[in-house]
Amino acid sequence: MEHAIYLVTLVGAALVVAAAFSSLIAFRFGAPLLLLFLCIGLATGTDGLGIQFDNARLAYFAGSLALAVILFDSGFGTPLNALRQAAGPALSLATIGVLLTTGLFGVVAYYLLDLSWLESFLLGAAVASTDAAAVFFLLRAGEINLRERVRSTLEVESGTNDPIAIFLTISLVEIIAANASPEARVLITDLALGFLLNMGLGAIVGIFGGLAIVRLVDRLNLDHGLLPIFVLTLSLMVFAAAGAIGGSGFLAVYIAGLIAGNSDIRAVTILKRFQDGMSWLAQIIMFLVLGLFATPSQFPAILLPAVLLGLFLIFVARPIAVWLCLMPFRLPRPEVAFVSWVGLRGAVSILLAITPLLGGLENGRLVFNTAFIVVLVSLVIQGWTVGPLARRLGLIVPARLGPLDKVELELPGSAHHELLAYRVAPGSPVARGERIPRWARPSLVLRDGRSMRFQDMGRLAAGDHVYIFVPDRYPALLDKLFASRAVVDPEDADFFGAFAVDPARSAAELEAAYAPGLTEEERKLTVGDLVTERLGGHAEYADRVLIGPIELIVRDVDDKGKITGLGLSLEPTAPVARVPVFLSAGEIADRVVGFVRNWRKRIKKQSAEAPMDAERSPQPVVEKATDKG
C-alpha cells in the first residue's frame, strides 16, 4: 500500500512537471498549450505508456472542480469596463450562440453518425462552448496585442457560455437516460423553464456569495499565507451551494469571482498571484486527466465523420452562429470574422462528453470519442492560425507602453494601499524629467546600492529603483511615466498618422482645411466628439475613422473612454483582407440607407429634369372659345 502511494505520487508529479515544461515549447513555437497537455495525457494512457484510467466519475469530478477554479479566476480578472464594453455581444454569443451551434451541429451529426436526434443534439451541446484558456495563451505566446473590444468579447463569452452548455448537456442526458421521447414543443418548454431556474438560482447564489467573500476577507484579520486558501475554499463553497439547490454552480462561481475582483477587496495582489498559479494547476490537472481517460485505439472507427464534423463546426456552424448573434451590434467585419474563427473547443467539451458515460447511455463512448476528435481538429486548425489571422485582419495594434519593470507589494496593515517598486527605464518620461503626480508618494530611491529619500535625489536617472506608496486602485498614469517608449514595428511606423490633432479643436477647422464633407451638425462638434460619434458612441485605442480624403486614428483614450489623442493620415490605409463573413446589422443598415438615399436623389433629379424637358418640347396650340353676344 505504501509503495503504491509513492508510485502514484511520483507518476502524477512527473506528469505535472512534464506539462509545465511543455509550456516552454508552446511559448517558443506558439503551439496550442491545451493540445500539448492532451497529448501528454494520451501518450501516458492506455494506448501509450499503459497507465489504466477509466473511472468516468473521478474524471468528471476532478474536471468539474478544476473548471470551477478556472472560472472563479476568470471572473476575478475580468474588469467591469471590459464587461460593460462587451456585455451585449458576448452574452448574445453565450446564450443564443450556444443554442444555434447545438442545433446546427446536431442536425449534421444525425446524418453522419449512428445516433438518434436527441443524442445528436447532445453531442452538439457538448462541443458548443469555447475554451478561452487556449485562446489567450496563444495571444500571449505570440505577443499579439489585440484590439480591446475583441479581447473583451472573447473573455466574457468564454466565462459565461460554459454554464449554458453544461445545462443543455446534462438535461439531454437525463431525458435520454429516462427513455423519454417528448414532443418538440414540450421539450423546448421544459428546457426553457429549467434553464431560467438553473441560471437564476446560480446568479443569485453567485451575487450573494461574491459579496460574502468580500465582506469576510475585510472583516477577518487572516494571515496573508492563509487568506488565498480561504478565498479559494469560499469560491468552491459558492460553486457547491448553487449546484446543491438546483442552480448553475459554474455561473455562480464566475459571478462571485467577478464581484470579488471588482471590489476593494483586501490583499488583491496576493490573491491574484495565488489564483493565477492555481488556475494553471487546475488547467494542467483537468487536461491531463481527460487525456488519460481517452482511448486513441477507438478513434479510427469514427475518424472520418468526426473530422468532417470538426470542419463543419469551424467553417459553417460557428460562423453562422456568430453572424446571427452579432448582427444587432455594429461590429466591423474583420472583428466578426476573428470572433467566429477563435471559437476553440477544449477541455470543457471533453468534460461534458463524459456525462453520457455517467448516465449509462448506450452510445456514450461514441459521443465521447467524437467530441475528443472534434476538439483535436479545432486545436490543430484554429490553434495554430490565431496570430496570423489577427494580423491579416488588421486587428493587431502597436503596444501602448514599452518595457516596464514593476513589482507590487502589499504591506501589513495598509488596507487598500500598495507599495509599488519601479525601475526607471531608459527613455521613459520620468527619465526625461517628467514630474511624478502629487497623489503618488515616493518614499525611497535606490541608486548604485545606496538608499536615500526621494526629496534628496533630484532628477531620476535610468536604473534607479523608486518605491511609491499609492492606493491599490491607482491610475495607469504611473505605468506610462515609468515605461520606456514602445518599440514600433517598421510596418507600423505610420500606424497613428503623420500629424497630431487636438481632439478639443472644432470639426469646422477640419472641414476648412481638408474639406472631408462634414454636415452642418458635425461641424458644430469637436474633432474628438466627431470621431466618437462616427464610431457609434464608443472609441478605443487604435480605432480608425475614414472621413473623405483623410483618416483619423485614436492615439489614446482616458479611463472614461474620452479621446485624449488623435492622429491624422493623408494616406488612408489599404482595406483589410476580405473574409467570407456576413455583414453586420450596422453595415446592412448603412447600405440600405445609402441605397435609399441614392434612389431618392435619382427620383428628385428626374423630377427636376421633367419640367425642363416639358418646356423645351413643342406645346400644342389651344384656342379659347368666346361667346359673342
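The structure considered here is a predicted model, in which local features need pLDDT of at least 70 and side-chain atom pairs count only at pLDDT 80 or more, while totals for chains, interfaces and linings use all residues. Residues are numbered from 1 along each chain as its sequence is written, and side-chain values use heavy atoms, with hydrogens and water left out.

Two packed helices are described by the angle between their axes and the distance between the axes. Helix α12 spans residues 303–326 and helix α16 residues 364–383; their axes come within 8 Å and cross at roughly 50°. The two helices are therefore oblique to each other. Here helices (H or I, at least four residues) and strands (E, at least two) are DSSP runs, numbered from the N terminus, and axes are lines fitted to C-alpha atoms, for helices over the stretch in contact, with angles running from 0 to 180 degrees between N-to-C directions.

The contact (heavy atoms within 4.5 Å) involves residues of α12 including L303, V307 and I314, and residues of α16 including T370, V374 and Q382. By class, the contact of α12 with α16 has 11 nonpolar, four polar and no charged residues; Ala, Val, Leu, Ile, Met, Phe, Trp, Tyr, Cys and Pro count as nonpolar, Asp, Glu, Lys and Arg as charged, and the others, Gly among them, as polar.

A nonpolar core is a set of buried Ala, Val, Leu, Ile, Met, Phe, Trp, Tyr and Cys residues joined through side-chain atoms within 4.5 Å. Buried denotes under 20% relative accessible area, exposed over 50%, and partly exposed the range in between (1.4 Å probe, protein chains only). The largest such core has 126 residues, of which L123, I213, F338 and F372 touch the most other members. Apart from neighbours within four places in sequence, F372 is in contact with L38, L42, L290, G291, A294, F299 and I350. A second, separate core of 17 residues includes L518, V527, V545 and L552.

Individual positions complete the picture. T169, in helix α7 (residues 148–177), is buried, with a relative accessible area of 0%. Beyond four places in sequence, T169 is in contact with L122, A125, A126, L352 and T355. By comparison, L444 in strand β3 (residues 441–447) counts as partly exposed because its relative accessibility is 31%.

Terms used:
Angles under 35 degrees count as roughly parallel, over 145 as roughly antiparallel, 65 to 115 as roughly perpendicular and the rest as oblique.
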